[in-house]
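Here are a few friendly notes to read alongside the model. Keep the picture open and look for each strand as you go.

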Amino acid sequence: MKKLLFFVGLLLLSQCTPRQGLTTEQLYEGFQQPTSEYRPFVRWWWNGDKVEADELVRELHLLKEAGIGGVEINPIAFPSYSDSVGKPSLQWLSPEWIDMLQVCFDEADSLDMTCDLLVGSGWPFGAEFLNEDERAQIVVNYAEPVTGPVALTVTRDSLCAKAMPKVSSPYKGNTKELMFLRLYPNPASSADDYIDVMQNDSIFTINIPEGEYTLAALVKINGFLEVINGAPGAAGPVLDHFNTEAVNRYLYNMSDKIEGQIGPLKGRIRALFTDSMELEGANWTSDMAEEFQKRYGYDITEYLPFILFKIGSMGSALNYNPVVPVAPEFQQLVERARYDFEDFKAQLMQERFTSAYLDWCHALGVKARAQAYGRGLYPLENAMGYDIPEGESWTTNWLRHKPGEEMSETDYRRGRAYTMVNKFVSSAAHLAGNRTVSCEEMTNTYTVFNMTLEQLKIGGDQSAISGVTHSIYHGFNYSPNLEVDFPGWVRYGAYYSENNPWWPYFKYYNDYKARLSYALQHGNYYADIAILNPENDMWSTIGMQNEPFPNTTRAPYKTMIWEAINKCGGGVDYVSENIINAGEMKRGEFRFGDRRYNTLILIDIERMHPRTAEQLLHFVEGGGKLLCIDTIPYQSLGLSGSFAAKDSIVQHCFEQIRAFEDRFLFVEPPQEGFIPWYDSLMHVNNLPHYLDIETPDPFVMQNRYTTDDGSEMLFLVNSHRYQSHQTKITFHRELTHRKYPWVWDLNTGERYPLSLDEDDSYDFDLGPAESMLIVFEAGKSGSGTHTEEPSTPCVIARTPRGLTDLSTDWDVELIHTRLDTVIQTHFDTLFDLKDHPETQHFAGTIVYRKTINSGRDVSRRVSTGETVLDLGLVEGVSEVIVNGQFAGVKYYGRRIYDIGNLLHEGDNDLEIRVTTTLGNYLKTFTKEDNPTVWIYVNHPKRDQPLQPMGMIGPVTYF
């Protein structure tokens, strides 16, 4: 009942969310120059808390000039491979450290920038000062097969040591307690079929009777985990998140000390932030067994030897073989108990940590922002109460997983920057009526010095497609670069630094991101399909997995389902059984707050609560459509009560559901080709969609948002790095009726009408890494005042006239960014600089120059402005200057420039500047030369190949 009341509360919250109510015209005015809160923020690592006031101020100004709107102050351990140059560390929450907060708050306010503040340091949070009863706990098991008769001598210490999990950051001050030691038949057939062999001595002998047995030890470890990368004062053991009193003491200790010195946090920061709760399997607290007994009616400790797996780093199971082997007839009971325990942990985390954290933030008058996932939490529901729920996207394995170059159907990670958890987080926000979904964007612990602005855009666009509406870049390093050697202090990140060659162009991407964020935060994401994933089945069989990177998962193809719906022109959210049971089935719709879904899809679900099955029956009876993929539910969840009777309810409900042949559909998932499979399924069965995409493509995705005054926004993306895609898209009447399509240019802030064919279709030519925002403006036709339609590559495919090839005979300057050298040379033909031994380790700006003659029809071209320069393939940021006049900067996709108005009759000076990354140059460094560089470029685990760079062409103008 307590759990249901929590979700009913969220339902009421979603119905009470106030809206700004902007008209589309007001929205467009704000879109042109978004205010700072919509601009990207950065995670600002205070490396080792070795911070000083002057440098903090300098870096805030640097970020402001680059188009950054805010900072997340994030204390973190000092990188061991960097030179501290004798800078002292400030203790977290010391008066000196709080003084530095004051400096940042004041300076950010003067710059119209926003501050968020990390709770604690590193992740998950904790501190050296925690008492023993405040530290994270874990119960683990150890077992070994034994054959009797035999006398076996054991020691308590050895049993506890063998049970210790191989977590990624163990706390050395942990304490271990042997909870019990039992002898089970091999295999065990019930929870109470054992011999208690526990003794009080530290060393004792066990007499094993004749037969095959399993000797099983259950061990509790207090303080098993240390904060990962904690800064001084907030390192040490991780907090027990299941202990409300400990949680509140920790949180109020932080806020009391800060506010006691500098006054209220309200008005100084936007939000307090919790990083992902990678608790590495923490599963216990002092009253765990007693509280479980109250709620479920049985003793969970009797089942722990069977439901727990042997775990390693991040709490992931080393394998899913039972530590204590069980007979087949007992396995179902074990799985039911495992579900109860996993669900109980999620409830407790919701009640004892999430609720306490939200109350604390709101009592301080600030927003609660969090990556509300990890292991031991509801991946969807836990995010619903936060003001700013957050997901994450990654670039760490860019060279291996290749976002923008592949889109695997067998490995959900390959080709995708967004993580699997993003769809849960954004769906939670939609269900809670929340428009701000932030993202730890483009997390980079690998290609730090090779990341390009183009790659950032590809990944950032993919993040937006997963439901993100605001970006927190990962990240900006506090580094006194005027005092320390290159490359400065580098913890992680895409080397967002003034020492990065592309830093002067960073603002162009930030302007783009600001406009996109502003638009998406002023609309409601549209979805009329909801997916129920097999999370409860997974919890029953293999337990909770670590988000955002589960070691394994049930139905690994589930990501392909929502993607296929999206790529075929539909909108979809995730839901859960808790959400379904807190919602309403009415007139063929599942309703939760303001959300309306007329189609529900169940993916590989065998187990279900009876209440959920009854809700789904009401949904279908009212006219809703239900699609089951892979399996049809036939059993209930959990061990409590008469599960045989509960099984019967589930089975009976689905027998009735299957009788509605026009509303129920069972299908097998394809082995491959999810897009054509779903496209056919959608059209044959009339599944909802609002776009007809003639040729769907794995890299072409879209999201739809509805504004407060009824206009419709469509964000359309081609995330392929090198390939364009042509397709006809027909917009359904719900988008076009009494509405008129305009393209709102995310790069410039201008808008222009989009002229649809009579059937409300348009033939798109989407260039590599291209994106566009189409707004169907209510009541506004294209006949009013507007910017003329430009030669935008993603909209207009031009047929070249008078094509001239400029790919030969270029005078070239190589201006090195680090060596202060300028090399003058000549390229007979264009080439990739990494392929030539004299240029392969270059970093900086390549200046290509030549003189072009406009030809005999120059007068016509100049007067009409119809001369277009196409640089072909460019690896790097390109800037074009014609006759000394700036023609524009492009950092992604097609490098097409309209230069007609800059030409004059006769000879014209053409200059093209291409700016590279640092990575190829840094390949020349050894560990002895520069440990920081070596770690991120030449370390055996990060050894990176030379990257393409320069203007490769062909260069043409027409």
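1. Let's start with a term: two strands count as paired if DSSP finds at least two bridges between them. Keep in mind that this is a predicted model. Strand 23 and strand 24 (residues 712-718) are joined by seven bridges and run antiparallel. As one place to look, Gln 702 lies opposite Leu 716 of strand 24.

2. Now follow the chain between these two strands. The hairpin of strand 23 and strand 24 has four residues between the strands, and Gly 710 there has a positive phi near 95°.

3. Strand 23 also pairs with strand 13 (residues 523-525), in the antiparallel sense and over three bridges. Here Tyr 525 has Tyr 705 of strand 23 as its bridge partner.

4. Is strand 23 buried or exposed? Eight of the eight residues of strand 23 (residues 700-707) are buried, so the rest of the structure largely encloses this strand. In a regular strand, side chains alternate between the two faces of the sheet.

5. Next, find an open sheet of three strands, ordered 22-25-28 with antiparallel pairing. Strand 22 (691-693) and strand 28 (761-766) are at the edges with a single partner strand each, so one side of each has no neighbour in the sheet. On average, neighbouring strands of this sheet are turned by 30° against each other, direction ignored.

6. Finally, strand 22 pairs with strand 25 (residues 725-731) over three bridges, in the antiparallel sense. Ile 693 is found opposite Ile 729 in strand 25.

Definitions and conventions: Residues are numbered from 1 along each chain as its sequence is written. This is a predicted model: local features need pLDDT of at least 70, side-chain atom pairs count only at pLDDT 80 or more; totals for chains, interfaces and linings use all residues. Side-chain values use heavy atoms; hydrogens and water are left out. Axes are lines fitted to C-alpha atoms, for helices over the stretch in contact, and angles run from 0 to 180 degrees between N-to-C directions. Buried means under 20% relative accessible area, exposed over 50%, partly exposed in between (1.4 Å probe, protein chains only).
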